[in-house]
Amino acid sequence: MKGHILTQGFCVLLFLLGSLSIKAQMPDAITIIPENATIYDDIILTFDPETACYQNGSLAGLSTIAMHSGVTINGTTWQNSVSFNSTGANGQSPILTSNPDGTFSIAFNPYEFYGFPAGSNVTQICAVFNNGTDWNQDGRDFLQGGPDCSDFFIPILTGSP
């Protein structure tokens with residue numbers, strides 16, 4: 001009986017630690033709906049410029065924000081990139097919509113937007129944000145343990161087509 005309780009407790013601990021590590025991988029300035037989306041799902045990606053890192057000027061308070069992004073395929077980042085001033089493989093603009101709470105969102109289907117082959121092992125959306133015109137204002141992730149900035153690497157499940 002005591003061994004069974006210890007085994008259950010250990011399993012619960014592993015689950016909680018696993019949940020925390022998955023949550024910790026999502027950058028603070030980014031949310032995705034649905035949370036456990038696959039690359040074939042329609043998603044809403046929301047960016048909060050108030051909690052982002054900036055190499056240049058802040059994006060907080062702007063009326064327009066654009067996303068420059070790509071995907072990680074088989075461990076190689078920034079594949080099938082969509083520039084902030086172009087359109088995705090499906091013709092969709094990477095301009096985000098302003099929300100009343102100061103965040104910005106874009107609804108898209110990663111498979112259709114990035115145009116990678118069906119069955120690709122995609123594990124992340126790589127992204128940086130700017131003012132839609134140039135890089136005088138940008139939004140990036142914080143490098144772990146320091147004040148410097150990095151690209152966003154947003155985890156997403158591969159799923160199946």
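## Salt bridges around R140

D138 and R140 form a salt bridge, with 2.7 Å between the closest N and O atoms; the term covers a side-chain nitrogen of Lys or Arg within 4 Å of a carboxyl oxygen of Asp or Glu. This is a predicted model, so local features need pLDDT of at least 70 and side-chain atom pairs count only at pLDDT 80 or more, while totals for chains, interfaces and linings use all residues. Residues are numbered from 1 along each chain as its sequence is written, and side-chain values use heavy atoms, with hydrogens and water left out.

R140 also forms a salt bridge with D151, where the closest N and O atoms are 3.4 Å apart. R140 sits in the loop between β8 (138-139) and β9 (141-142), and D151 in the loop between β10 (149-150) and β11, so this pair ties together parts that are 11 residues apart in sequence. Helices (H or I, at least four residues) and strands (E, at least two) are DSSP runs, numbered from the N terminus.

D151 is partly exposed, with a relative accessible area of 23%. The cut-offs: buried is under 20% relative accessible area, exposed is over 50%, and partly exposed is in between (1.4 Å probe, protein chains only).

## The disulfide

There is 1 disulfide, meaning a pair of cysteine sulfur atoms within 2.5 Å. C53 and C149 make it, with their sulfur atoms 1.9 Å apart. The torsion about the S-S bond is about -80 degrees, so the disulfide is left-handed. C53 is in the loop between β2 and β3, and C149 is in strand β10, so the pair ties together parts that are 96 residues apart in sequence.

Both ends are covered: C53 is buried, with a relative accessible area of 2%, and C149 is buried at 14%.

## Strand β5 and its partners

β5 covers residues 95-98, T97 among them. On one side of the pairing list, β3 and β5 run antiparallel and are joined by 2 bridges; strands pair if DSSP finds at least two bridges between them. I95 in β5 is the bridge partner of A66. β5 also pairs with β6 in the antiparallel sense, over 2 bridges, and S98 stands opposite F104 in β6. The hairpin of β5 and β6 has 5 residues between the strands, and there G102 takes a positive phi near 90 degrees.

What does T97 touch? Leaving aside neighbours within four places in sequence, T97 is in contact (heavy atoms within 4.5 Å) with T103, F104 and S105. The C-alpha atoms of T97 and I65 are separated by 7.7 Å, and the two residues are 32 residues apart along the chain.

## Core and overall layout

The largest nonpolar core has 31 residues, and F47 and F129 have the most contacts inside it. Such a core is a set of buried Ala, Val, Leu, Ile, Met, Phe, Trp, Tyr and Cys residues joined through side-chain atoms within 4.5 Å. Elements that each supply at least two residues of this core include β2 (43-47), β3 (65-73), α2 (110-114) and β7 (122-130).

The protein chain has 2 helices and 11 strands. Buried residues make up 36% of its 161 residues.
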